[in-house]
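Please look through the sequence and the model shown here, and then read the short report that follows.

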Amino acid sequence: MQNLQQKSEILCHPATADEGMVGNLGSAVCVGEAGCSRGVARKTLLWDGARYLFQGALDEEFRTVLLLMAIRMFDVPAHFRIILTSIGFLSLIFTPLTQQLASRSRWNNMQVSALYFALMGVAFLGAAFATSWAIFFFFVAVARICDKQQIPLMLSVYADNYARRERGFRVGTALACMPIGGIIFSQFAGYFLDKNPNHFCYLALLASFLALGCALCFLKIPARKVVAEDYPSLWDNFKLLAKDRLFTWILLFYSFVAIANQMTLPLRVEYLANHKRSLDISYGTILAIFAVIQPLAGVLSGPLWGKLYDRVSLVTMRQCVTACFLVGIPLFFATDDINMIYLASILLGIGRSGGVIFWSLWVAGVAPRRELGEYMSVNTAVMGLRDALTPILGYFLMIYAGPMAVGVTAFLLLVLSMLGFEFIHGRSAYRERMAAAGQ
């Protein structure tokens, strides 16, 4: 990892010299911070936003349509449905391995990403024409795994194509397209299924085209290939947890926030749907809170979070995001006033938007430029393990200790995270790393 050399073998799309690009055999690359031209940044933002639009729709497909197909069309056994829901997160544990394999190929990160989504398109096509639950299960599992393996591949592209002073804003703007795609798809899918209640396969076929649309968008994003003369062993990436203590501390305290948020997600639905708590709320209102209000709060706040990321330190950004959850989660459960629940939902939507931006970019602030892929793959692997185990922890607490225990545990984890990041902020290693990164 230490002797990576940026060679002249560049695998990306043509661009003219006036865009600040250096041409080589019909291809181009953004050279250094000064070379991150407006043209390259605009092209990256355009196609990244387009692929997030498609990907937002695909996420809704995973959450709703495929689950309905598993239940109503194929009667997939309950334990296999649980596996189908968690297999994508579990596969993230192997991202350090797949990242190493991608690095050893002749393809750049965007070409590898396009390959993943092309395979997803084929998998959705297979699911649309599946004749048994076992075949359906196989193709959906492949689609979920491919969807997650792409995650760590974008960070190096952001670092190469966006100047540090505008990286957060541009990433936040692109990410804002994701909930828009989800809202559009969910409205269309709901209308279609109301008219054609037994034609789920057509929505799976549509997902195949959406995945191919993502693949084409990835191919349009300028990217370069970094070639190494000597590769570490396939599992060497995990050694970064012992080698870089600052990285490990940030990863740990960030995980506390993620666990606290995810533990309370099912409780929020249960709380609103439980009429015994004096909350006589219609199902339409519940769906509006989770499918419209929170995503719209994320859409509107995404660029603002990006601007904040560009102007403050990592710890300040993280504390602002955590504060949204620290206020939003207790407020959501502490009131019977629907207007206060709306306010809490907005805060949670804003917090989630800032959290996604932070997660997407924080590694670039602490990792050496040449090892971004390795660091991000470890970050993604930890996220996969965490997201697979958190629902189990949440339901265990809810069953054996009650909903209050889940809420109190989540609140304490948030407080512990804020204290942990204050500890990190006082460390000289953190200040030196931020100074080196220009933050």
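## A buried alanine

Ala 258 has a relative accessible area of 10% and is therefore buried (buried means under 20% relative accessible area, exposed over 50% and partly exposed in between, with a 1.4 Å probe and protein chains only). This alanine, Ala 258, lies in helix H11, which covers residues 245-273 (helices are DSSP runs of H or I with at least four residues, numbered from the N terminus). Although Ala 258 and Gly 355 are 97 residues apart in sequence, their C-alpha atoms are 8.7 Å apart in space.

## Basis of the values

This is a predicted model, in which local features need pLDDT of at least 70 and side-chain atom pairs count only at pLDDT 80 or more, while totals for chains, interfaces and linings use all residues. Residues are numbered from 1 along each chain as its sequence is written, and side-chain values use heavy atoms, with hydrogens and water left out.

## Tyr 52 in helix H1

Tyr 52 belongs to helix H1 (residues 38-73), and its relative accessibility of 8% means that Tyr 52 counts as buried. Leaving aside residues up to four places away in sequence, Tyr 52 touches Tyr 158, Ala 174, Leu 175, Cys 177 and Met 178, where contact means heavy atoms within 4.5 Å. From C-alpha to C-alpha, Tyr 52 and Ile 180 are 9.0 Å apart in space, with a separation of 128 residues in sequence.

## Two packed helices

Helix H13 (residues 314-333) and helix H16 (residues 403-425) pack at an angle of about 165 degrees, and their axes are 10 Å apart. That angle makes H13 roughly antiparallel to H16 (angles over 145 degrees count as roughly antiparallel, under 35 as roughly parallel, 65 to 115 as roughly perpendicular and the rest as oblique).

Notes. Axes fitted to C-alpha atoms, helices over the stretch in contact; angles between N-to-C directions.
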